[in-house]
Amino acid sequence: MFKSILRKIAIFPVLVYQYLISPLFPSSCRYTPTCSNYMKQAILKHGVVKGGLLGVRRISRCHPWGGQGYDPVP
């Protein structure tokens with residue numbers, strides 16, 4: 001139960017970004033699923049620490065010289 005609460009707390013900033021900030025900018029994501037959805041899925045699947053690190057790693061690859069395409073959560 002405690003892990004579930006921590007995951008919900010960790011996902012909250014991602015949801016704030018998705019619903020309040022992201023709609024203000026044009027879609028420019030290079031990956032599928034989007035980085036914010038990837039972060040949510042990674043935290044739910046792997047937990048706050050490992051999932052958060054996977055999400056940060058993915059966001060760090062999201063730049064013009066990075067990759068693109070389908071990149072699911074491992």
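Modeller: This is a predicted model. To start with the helix pair, H1 and H2 are roughly antiparallel to each other, since angles over 145 degrees count as such.

Colleague: At what angle do H1 and H2 pack, and how far apart are their axes?

Modeller: The pair is roughly antiparallel. The axes of H1 and H2 lie 10 Å apart, and the packing angle is about 170 degrees.

Colleague: Which residues of H2 make the contact with H1?

Modeller: On the H1 side, the contact is made by Arg7, Ala10, Ile11, Val14, Leu15, Tyr17 and Gln18. By class, the contact has eight nonpolar, four polar and two charged residues. The H2 residues that make it are Ser36, Asn37, Met39, Lys40, Ile43, Leu44 and His46.

Colleague: What span does H1 reach from its first C-alpha to its last?

Modeller: H1 covers residues 2-21, which is 20 residues. At 1.5 Å a residue, 28 Å is expected. The span in the model is close to that, at 29 Å.

Colleague: Where in H1 is the kink?

Modeller: The kink in H1 is about 30 degrees. It comes shortly before the proline Pro13, at Phe12.

Colleague: Which residues in H1 are buried, and what helix is included in their cover?

Modeller: The buried residues in H1 are Ile11, Val14 and Gln18. What covers the buried residues of H1 includes helix H2, residues 35-46.

Colleague: Is Gln18 buried or exposed, and what is its relative accessible area?

Modeller: Gln18 is found in helix H1. Leaving aside neighbours within four places in sequence, Gln18 is in contact with Pro23, Ser36, Asn37 and Lys40. Buried means under 20% relative accessible area, so Gln18 counts as buried, at 16%.

Colleague: Which residues are joined by a cis peptide bond?

Modeller: The bond has an omega of about -5 degrees. Its proline, Pro33, is found in the loop between strand E1 (31-32) and H2. The residues joined by the cis peptide bond are Thr32 and Pro33.

Colleague: Which residues does Ile59 touch, not counting residues up to four places away in sequence?

Modeller: Ile59 sits in helix H3, residues 48-60. It is partly exposed, with a relative accessible area of 45%. Not counting residues up to four places away in sequence, Ile59 touches Cys35 and Met39.

Colleague: How far apart in space are Arg57 and Arg30, C-alpha to C-alpha?

Modeller: Arg57 is in helix H3. At 47% relative accessibility, Arg57 counts as partly exposed. Arg57 and Arg30 are 27 residues apart in sequence, and their C-alpha to C-alpha distance is 14 Å.

Colleague: What distance separates the C-alpha atoms of His63 and Gly47?

Modeller: His63 is in the loop between H3 and E2. With a relative accessible area of 31%, His63 is partly exposed. His63 and Gly47 are 16 residues apart along the chain, and their C-alpha atoms are separated by 26 Å.

Colleague: Is Tyr70 buried or exposed, and at what relative accessibility?

Modeller: Tyr70 lies in strand E2, residues 69-70. The C-alpha atoms of Tyr70 and Tyr19, 51 residues apart along the chain, are separated by 23 Å. Exposed means over 50% relative accessible area, so Tyr70 counts as exposed, at 66%.

Definitions and conventions:
Residues are numbered from 1 along each chain as its sequence is written. This is a predicted model: local features need pLDDT of at least 70, side-chain atom pairs count only at pLDDT 80 or more; totals for chains, interfaces and linings use all residues. Side-chain values use heavy atoms; hydrogens and water are left out. Helices (H or I, at least four residues) and strands (E, at least two) are DSSP runs, numbered from the N terminus. The expected span of a helix is 1.5 Å times one less than its number of residues. The bend at a residue is the angle between axes fitted to the seven residues ending there and the seven starting there. Buried means under 20% relative accessible area, exposed over 50%, partly exposed in between (1.4 Å probe, protein chains only). Contact means heavy atoms within 4.5 Å. Axes are lines fitted to C-alpha atoms, for helices over the stretch in contact, and angles run from 0 to 180 degrees between N-to-C directions. Angles under 35 degrees count as roughly parallel, over 145 as roughly antiparallel, 65 to 115 as roughly perpendicular and the rest as oblique. Ala, Val, Leu, Ile, Met, Phe, Trp, Tyr, Cys and Pro count as nonpolar, Asp, Glu, Lys and Arg as charged, and the others, Gly among them, as polar.
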